[in-house]
Amino acid sequence: MKVELENLFSIDETSEDQVINVYNRHGIAIGAPEIRKRNLKTKFNPIFTLNEDVTYEKVTALYESLEREFGIVSIGERFYFEFSDIEYERAPLFTLNSTGNSPEMFLEDKGTLFSLSTHCKCCGLMDKEQLSPIVIDTTQMKDRHLVHVNGYWVASEELVSLMKKENLEGYELLEVIHQGPEEGKQPAYQIIPRQMLPESSKDRVKLYFATEQPPCSCGLNGVITGPDTYHHEDLKDLKGDVFYSAEFSHDGLYLYRKTLFSKRFREAIIKNGISREVRGEKDPNFGPTDWLFDPVLIK
């Protein structure tokens, strides 16, 4: 697996060469930036690999130089995880990060009941326990097979039928409550895993944004966790196709457990034409309705 960091900021076009030199001076090679045609600003959008040579310390020093020499204080950051073909082939499980690169995969909750408690007094992250079926406007699902609601996956009736036809196991279904127009509403079901995975390996990558405050002491807020990573021995007796992670994720406000899916589930989605074979966010095939599965790494 390769970890890449993307930067994004704009400067005057006349400073283009000098900024490139700052990156090079810190041992980070970047190409010429994209030029915006409507003004004199240069859009810098370099992507570079983090490794034993390009470390957090080096990136932080780079940002300090950009601020000191050019007054650049607003730098966008984004991480990418790039996997090898072998990692895709070896993975028994996959994390489903997206069912399309479109905001339409996220639906607004319309009144699901939760009990709430404070998980961390420092950053304010909250624990929540679901007390009722999910409430959404199912007309918004349209022809999507799977949508994301508050950390939970909600499936269409067509996807549920496919999962049964493929003999996928290890989950329960809870029908959601429709709130919205009657015309166009459809049956939809929350997928609830029956099993929880073992704890992830301590070798799992943990990152943070150098431009932001240090991560919270709770170890959750401000931390960008890398791909789920397990030792082979911990998964050798695993059965089923749908699982909760032992670790919590969060949406900035509330904790939830991610759902992981088996290789069989991913293969069924591709075989039945729900998604094309997509490997990573930068895959040129990744379209508005394609599903993005990241492989679990095996140690």
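How do the residues of the lining of the second largest pocket divide into nonpolar, polar and charged? Point 3 takes this up.

1. Basis and overall form. This is a predicted model, in which local features need pLDDT of at least 70, side-chain atom pairs count only at pLDDT 80 or more, and totals for chains, interfaces and linings use all residues. Residues are numbered from 1 along each chain as its sequence is written, and side-chain values use heavy atoms, with hydrogens and water left out. The protein has six helices and 22 strands; these are DSSP runs (helices H or I, at least four residues; strands E, at least two), numbered from the N terminus. The C-alpha trace spans about 60 × 50 × 45 Å along its principal axes.

2. Of the 299 residues, 46% count as buried, that is, under 20% relative accessible area with a 1.4 Å probe, protein chains only. Among contacts (heavy atoms within 4.5 Å) with a separation of 6 or more, 69% come from residues 24 or more positions apart.

3. The second largest pocket. A pocket here is an open set of points on a 1 Å grid over the protein atoms alone where a 1.4 Å probe fits, with protein on both sides within 12 Å along at least five of seven lines; lining residues have an atom within 4 Å of a point. The volume of this pocket is about 270 Å³, taken as the space filled by probe spheres set on the points, which are joined across faces, edges and corners. Its lining comprises 15 residues, with Lys128, Gln130, Tyr152, Tyr244 and Arg257 nearest the centre. Two or more lining residues come from each of strand 8 (126–130), strand 14 (188–193), strand 19 (242–250) and strand 20 (255–262). Strand 8 gives the most, with four residues. The lining divides into eight nonpolar, three polar and four charged residues, where Ala, Val, Leu, Ile, Met, Phe, Trp, Tyr, Cys and Pro count as nonpolar, Asp, Glu, Lys and Arg as charged, and the others, Gly among them, as polar.

4. Aromatic pairs. The whole structure holds eleven aromatic pairs, with ring centres (for Trp, the six-membered ring) within 6.5 Å; planes over 60 degrees apart count as edge-to-face. Phenylalanine 94 and phenylalanine 293 have ring centres 6.3 Å apart and planes at 85 degrees, so they pair edge-to-face. Because phenylalanine 94 lies in strand 6 (residues 93–98) and phenylalanine 293 in strand 21 (residues 292–295), the pair ties together parts 199 residues apart in sequence. Both phenylalanine 94 and phenylalanine 293 are buried.

Terms used: Phe/Tyr/Trp six-rings, centres within 6.5 Å; stacked < 30°, edge-to-face > 60°. Buried < 20%, exposed > 50% of the residue type's maximum accessible area, 1.4 Å probe, protein only.
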